Amino acid sequence: MRLRPLSGLDASFLYLESAAMPMHVGSLMLLTAPKKRGYDFHGAVLNLVAERLPKARALKRKLIEAPLDLAHPMWGEVAELDLSEHIRRERLPAPGSEAQLLRRVGELHAQLLPRDRPLWRLVVIEGLADGQIALYSKIHHALLDGQGGIALATALLDLESKIPAKASARSAEPPSAPADVRMHGTRARAGTAVRATAGQFAKLIRALPATFRMARKGLGEAGSLIGKLRDSVLLAPRTPYNVNISGGRAFAVASIDLARVKTVARAFGVSLNDVVLAMVAHAIREHLQRAKALPDGPTVVAMPISLRGSGDGEANNQVSMAQCALPTHLADPIARLRAIHEATSAIKERVAVFKDLIPTDYPGLAAPIWASGLSRLWARGRISERLPPLANVVVSNVPGPPVRLYLAGAQLDHYYPVSIVTHGLALNITLQSYCGSLDFGVISASEVVARPETLARALTKALEKLEASVPAA
């Protein structure tokens, strides 16, 4: 693999990262081991990853810095990958409760990935009281977004139980592959950095005529584009979530029957995502009420929106953010759902208008210097606490596989996402559909939301309230 420059969006996750803000995404899988004598899940995962690396080459990518930090970093590829460094094994102390597991996941998620090796890690966690096995994974957001993560996971998951044959814990390229030293020398890095920066400037210049044409079209056919953009940006009320954070993390999960959510959505003529947001609104409302910090008006959700084309499984980031008013000030659950449906319908219209104007790249000229400096200024100056917040919580809904899957021979029972919190956004609720279930992962800065399990429980309670309000046929 030749050196591959990161896009501006991919590199941004590196520039933003600090001890207080690790920029990796992850998951917690709960699995049931096959009833086979001598089966060892940790060993099976080692063998599986070694076997599937040709289909999951993103796992071999390593960051290569541009000379003198004159451009975005690049991806190189290690010639040899020691899987024992990336796939670890732990055992929970007795009694091996769910609370212990979630606490440990929060601790693991707070730890930075070392940048001197490929930016991912798997941790097999054994000792659960119910006999299940847990697998915690994390991979740096610079490498992929949620949809890219699904594509990568697909390379490792099976539709039936297959225990991989024993393989070496070290994966090496064939002898004909170029060595790291030749590929990643100063001359190669400098040449790639110059070409990438020139290409990014050229791409930006080529995009200008299309941008101007779209602006003229917006002015002529749909009113002022600038006016539409101004109207689409919301200012959120300040809440306890809009603060600078430290490095501690707390994690909680919830699993909800997907069919129940779909039934409510059909009954009220709204989308499944509308129902999910109504559940989140209920949970946030209860939590802020207990903290005596519920705003008089709506709060605002930041929702990642995919810019990825159909069938694009490239391991990178193609995502932006949209805002949605969350009517946490309304006490009636049906009124909240109706208000959310109206708000999300408007979002779809705005995204359709502005999708082609959303950049995922920018020139990397000296970006490691100035972008990292801005990030440090943001943290040390507590800028997120000084400026009006644009959102109060991040909510992300990632479509996942609808069928039962297996990993290294073990049955995958639940697939909980573990996402990112940042300065000014100390709470993130990410869910993924899997095999008839909606699996929620609630991650928070532990000093801001010490018990995210209260929010996780409130999600189920919210659905029950909506079900109780479903009109008779």
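This is a predicted model: local features need pLDDT of at least 70, side-chain atom pairs count only at pLDDT 80 or more; totals for chains, interfaces and linings use all residues.

Reader: Is L235 buried or exposed?

Author: The idea is to check relative accessibility: over 50% is called exposed. L235 has 60%, so L235 counts as exposed.

Reader: And what about T299, buried or exposed?

Author: Here the cut-off is under 20% for buried. T299 has a relative accessibility of 2%, so T299 counts as buried. You'll find T299 in strand β11 (residues 299–306).

Reader: What does T299 touch?

Author: Leaving out residues up to four places away in sequence, its contacts include P237, L288, C324 and N392. T328 is on that list too, and the side chains of T299 and T328 make a polar contact at 3.1 Å.

Reader: How much of the whole chain counts as buried?

Author: Of the 473 residues, 52% do. Among contacts with a separation of 6 or more, 80% are between residues 24 or more positions apart.

Reader: Now the backbone. Which residues have a positive phi without being glycine?

Author: K292 is one of them, with phi near 55 degrees. K292 lies in the loop between α10 (272–290) and β11, and with a relative accessible area of 78% it is exposed. R382 is another, with phi of about 50 degrees. R382 is in the loop between α12 (367–380) and α13 (383–386), and at 40% relative accessible area R382 is partly exposed.

Reader: Where is there a cis peptide bond?

Author: Look at omega for that one. The bond joining A94 and P95 is cis, with omega about 10 degrees. P95 belongs to the loop between β6 (87–91) and α4 (98–109).

Reader: Last one: what is the strand order in the open sheet of 3 strands?

Author: To read a sheet, go across the strands and note who pairs with whom. The order is β1-β4-β3, with antiparallel pairing. β1 (4–5) and β3 (61–64) are the edge strands, each pairing on one side only. β1 is joined to β4 (residues 74–77) by 2 bridges, and P5 stands opposite M74 in β4.

Notes
Residues are numbered from 1 along each chain as its sequence is written. Side-chain values use heavy atoms; hydrogens and water are left out. Two strands pair if DSSP finds at least two bridges between them. Helices (H or I, at least four residues) and strands (E, at least two) are DSSP runs, numbered from the N terminus. Buried means under 20% relative accessible area, exposed over 50%, partly exposed in between (1.4 Å probe, protein chains only). Contact means heavy atoms within 4.5 Å. A polar contact is a pair of N or O atoms within 3.5 Å; within protein, one must be able to donate a hydrogen and the other to accept it, and residues adjacent in sequence count only if both atoms are side-chain atoms.
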